[in-house]
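Hi,

Here is the structure I said I would pass on. Have a look at it, and then read my notes below.

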Amino acid sequence: MSRFVTLSLALAAVSLVGVRTADAHCQVPCGIYGDQTRFEQMLEDFRTISKAMTQINELSEKSDAQSKNQLVRWINTKEEHASKTQKIMAEYFFAQRIKSDNEAYVKQLKAAHNIIVTAMKCKQTVDPKVAESLEKAIYDFYRVYEGKEPDFEH
């Protein structure tokens, strides 16, 4: 078998199996990822969730096909961004950054857990107050984790 045929078969096999792009932290001590960026991503997710809730509430009053289509898309977007926040907390902060030898360990765990639970609640409702509580939970975790007041540019 020629190298070309072998390579073609290998590429075909990969395309059948599918290749997934990594979108989370690689969980190796690479030093590339930063805490501040993770907080900014979660706040962006919160803003998306909040906007999605507003759009869902507005579109639910309409009955035309286009509005129903957009309604489903906003519901999916809300779910996706709540899951992204949970993933950042689980795979980045819980798995790597919150250390048991830190004196604020228990406070950090409680605050981090609150983000995960509040993100779950965002999936279950379209109440903007729940989205606001996610923003508060992110800021509360920041305070416990960083030991200072948040300073984010919007």
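The largest nonpolar core has 27 residues, and those with the most contacts inside it are Phe39, Met42, Phe93, Ile115, Leu134, Ile138 and Phe141. By nonpolar core I mean a set of buried Ala, Val, Leu, Ile, Met, Phe, Trp, Tyr and Cys residues joined through side-chain atoms within 4.5 Å. Buried is under 20% relative accessible area, exposed is over 50%, and partly exposed is in between (1.4 Å probe, protein chains only). Two or more residues of this core come from each of α2 (35-59), α3 (65-97), α4 (105-124) and α5 (128-146), and α5 gives the most, with nine residues. There is also a second, separate core of five residues, including Ala52, Ile56, Leu59 and Leu71.

Before you go further: this is a predicted model, where local features need pLDDT of at least 70 and side-chain atom pairs count only at pLDDT 80 or more, while totals for chains, interfaces and linings use all residues. Residues are numbered from 1 along each chain as its sequence is written, and side-chain values use heavy atoms, with hydrogens and water left out.

As for the overall layout, the chain has five helices and zero strands, so helices (H or I, at least four residues) and strands (E, at least two) here are DSSP runs, numbered from the N terminus. Of its 154 residues, 30% count as buried.

Two residues are worth a click. Setting aside neighbours within four places in sequence, Phe39 is in contact (heavy atoms within 4.5 Å) with Phe93, Ile138, Phe141, Tyr142, Tyr145, Glu146 and Phe152. Thr85 sits in helix α3. Is Thr85 buried or exposed? Thr85 counts as buried because its relative accessibility is 0%. With the neighbours within four places in sequence left aside, Thr85 is in contact with Met42, Asp45, Ile115, Ala119 and Leu134.

α2 and α3 pack at an angle of about 155°, with their axes 9 Å apart; axes are lines fitted to C-alpha atoms, for helices over the stretch in contact, and angles run from 0 to 180 degrees between N-to-C directions. The two helices are therefore roughly antiparallel to each other (under 35 degrees counts as roughly parallel, over 145 as roughly antiparallel, 65 to 115 as roughly perpendicular and the rest as oblique).

Cheers
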